[in-house]
Each structure stands twice: as structure tokens, then as C-alpha cells.
Amino acid sequence: MAPTSPIFTKIGIIGAGVSGIAAAKQMRHHDPIVFEGTDTIGGVWSHCCYSSTNLQSTYRDYEFSDFPWPAAVKKEYSFPSHLEVLDYLNSYARHFDVLKCVRFNSKVVVLRYLGGKTTTDKMDTPEEYGSLLSGHPVWEVAVQTNNSDEIQKSKTTCGYGDVAMMPEFPEKKGPEIFEGKVLHTIDYCKLDKDATSDLIKDKKDQKGNHFPLEKPNQSILRLLLSSLFSPLLRKVASKLIESYLLRKLPLEKYGLKPEHPFVEDYASCQMAVIPEKFIPEADKGNIVFKKASNWWFWEKGIEFEDKSKIEADVVILATGYDGNKKLKAIMPESFRSLVDYPSGLIPLYRGTIHPLIPNMGFIGYVETVANLHSSEMRSMWLSRLVDKKFKLPGVPTMLDKTLKEMEVMKRTTRFYKRNCISIYNVNHNDEICEEMGWTAWKKKTWVSEALSKFRSRDYFN
């Protein structure tokens, strides 16, 4: 088969999830190409949701600045379902004519740097980052279409699935010795009702009762900590929320009360949500809790570090995801060390660009309570940077500032293992606005500016 001729584009965007759609909309005047590995937009909202998944923040906190939710949704749902979210994202893409940019069933398998010498040694750090649109191709994107063996190449100047994070087990104590079925939550959430029923058909719980043949309801306890500025206010809010949770939930009864303050969970973006009827089922004995730092498999189930064992037919690993691993898999060897930082984080200036990786942006890597807004803000910033509306500081300055910010955020929580800026979200947005040449003033009065919660609509125009 003759090789496919390369396609040239100024902007290449990997993924048509929330971040990819936001980036495409902000840079649509450059006719970007969005490479989407599946046949729909929406990312995890389309491919990794339970049938009863709802938005865990209110629609007001998950809204594009220039595209409000439909009136019907705002009237009926404070926390829209995943189907409502998908409809909202599709409406946004249609309204701003973004779908024409998307190439569906186009999975990016590798990136190749065409820009010449790479700079991965800090001793050879350039002073200036340079222009994002240099006038010639900098990256080559190899794309696999429709699960075929043919690889199509696209040359571009700017350009980011899910990989399960699997625990490590002692030798001969991993899933391979288990006689039952092991799957990760990423696999479980993709099962339809029939497949879920088959998974637990004829299975029994620890009391010998048969499981009901339906997928558990995943409605959530919706608790949000509003943006608070001072450490004192954060501590007060944290204590108030802790007191509420201890009154509302039997955490102490089941040994689930954390030994750390709530604000540390908020600062690390790892607040837990509780499915509907979770506590009543625990009260009935249908959900059993077991604290263990270490565990492994045996033939019939799981063994814990205290030598106790439980028998199981199915083990579901809710052990998180490894986005860095997926990124490293497609990056050139010379750049992989830059996305494999010792702390597990990628040091990104403004949560968007690595000063030592030329002509590449990362949208959606930063986490907040509502990631849509943070992705939109960084897409705005990146678009204006592409259009040379402002100039970046020198590379050493960006590296120094980014590493200092990471150290500050690490001090807010012992669990800081990813780019979570929930506590500093407003501060980050203010700095981004100022760097773009915008005012950081969002409200009409200083009282509102000081005391009101900021939402996406405050950044409109």
C-alpha cells in the first residue's frame, strides 16, 4: 500500500474531550485539526460514565463563559446528568462550528519532533521560548484511523484515553494467581447493563446473598468548598465541613474518619463522593470496610497484611489513572524525561506549557473542582499566546516560577501528587488575565469582588 501523503496544519489538537473542544473553539481561526480516537466528542463523559453519573459540581461551576446552559436544564437540574453534560458539550461544539475541525476515529500513536536540536538539559536552557507558530512544521503526528494498520502523518506546529494505574504486587501474588475476575474501574464503567448483570450473575456477597442484577447507582453527595482566599478562611471552612460530615455520616462508626483536615483533600483534588444509598447499604452489612496499607491476591480472593483473607469472585481495582504514562508513550524519547518529573508532576508554566518543550501546549492537565473552566481559561491564554498578543518571560524565569508554585502547593497538603490548583484557582486566573492584558477585576463592585464566588460567566469578555 502506498504511504499516505502528510497533511499540514498550523494547530494540531489531540483529543476531543472538554479540553480539546475548548482549545479548538479558541483557536478555530487557525483551522486546527482535532484528532479524536473515537467516534464522538466528550471524552470521559462519552466513554467512561455510569448510567446514573451526575455532574459533581453545579452547572454554574461547569459552564463555558460565553455559552450558558439551556434554561430547561437550569430550571430542573442543579447537577445535570452525564447525558445532559454531553448534550451541552455537543451544543457548544455545534454553536461555534468546532465539529468541522474534528477527525473522528483518528488515534494518535506517536509524535516526532521536526524542529532540530532538542533542549532537555537545563545547562543548555534557551533564554527565550520562541513563537508557537514558527512558520514551519515542528511536530509530526502519526495517526491510526479506524483501527487500521495504516498510519497517516500530519505535520503541525502545536499540539495532548485513559491508562489505568495498576498496583504492584509481590511475586506470585498478583492477579495471575486469582481464580476469579479482575478489572479496573475504567473497564467496569464501560460495561452496559447486560454485561454488568453477567459479571455478578450467580455471585454471592459475604453473607451468602445473591447480588441484584443492576449496576449500582452512582448519584453523589454533592459537597463543594467555594473559592476562599485567606488561609484563615480556608481553615474555618474546612472545620465547618468536617463537623458537618461527622454529623451527617457515620465515619467514626466505620473507622473512616481521616486523620488529616478536609482542606488537604480539597487541596489535592481527591475529595471522595458517596453513591446514593451507600451508607444504608453499609448499615445493612452489604458493604464492609477494611483498612489496609498492603494487600495481595490469593487463589480465592484477597489477603491483607494482617494475614486475614476474604474470598471474592470479582475484584474491581479503583486505583486511579496514569495520564503521564499515556503521554510518555507517544512522546519522542528525547522529551520523555521532561514529562516524567520525579514528583510525578509535569512543571507547566500557567499549567499549560513546558518551557523546555517547544511548540506544545497541555490543556486539561491542571485540576480544579470544575475542570471545564480551568481548561477554557488556559485555552484563551494559549490562543492569545499563539496570536502573539503578549510575550512570555524568559525560559529560566518560567521554570523558576513554576517550580516555586509547585513547592507552595505541596505545602498545603501531604497528598499533592498531581497539578491540583483548587485552593489557588482564583489567583491563577488573575495572573493569567493580567498576563493576557486583561483586568483581573471581575465584579461590578469591590464588595462583590472581595466576597462573592467567582464563576465562568465572570470572565466573559
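Buried means under 20% relative accessible area, exposed means over 50%, and partly exposed lies in between, with a 1.4 Å probe and protein chains only. The model is predicted, so that local features need pLDDT of at least 70 and side-chain atom pairs count only at pLDDT 80 or more, while totals for chains, interfaces and linings use all residues. Residues are numbered from 1 along each chain as its sequence is written, and side-chain values use heavy atoms, with hydrogens and water left out.

**Exercise 1.** Identify the disulfide, taken as a pair of cysteine sulfur atoms within 2.5 Å, and describe its setting.

*Solution.* The structure holds 1 disulfide, and its partners are cysteine 269 and cysteine 420, with an S to S distance of 2.0 Å. Distant parts of the chain are linked in this way, 151 residues apart: cysteine 269 lies in the loop between α8 (262-267) and α9 (278-283), and cysteine 420 in the loop between α13 (395-410) and α14 (425-436). The link is right-handed, with 75° about the S-S bond, and both cysteine 269 and cysteine 420 are buried.

**Exercise 2.** Classify cysteine 101, cysteine 433 and tryptophan 446 as buried or exposed.

*Solution.* Cysteine 101 counts as buried because its relative accessibility is 6%. Cysteine 433 is likewise buried, with a relative accessible area of 2%. Tryptophan 446, by contrast, counts as exposed because its relative accessibility is 63%. The place of tryptophan 446 is in helix α15 (residues 446-451), where helices are DSSP runs of H or I with at least four residues, numbered from the N terminus.

How values were computed: Helix = DSSP H or I, 4+ residues; strand = E, 2+ residues; numbered from the N terminus.
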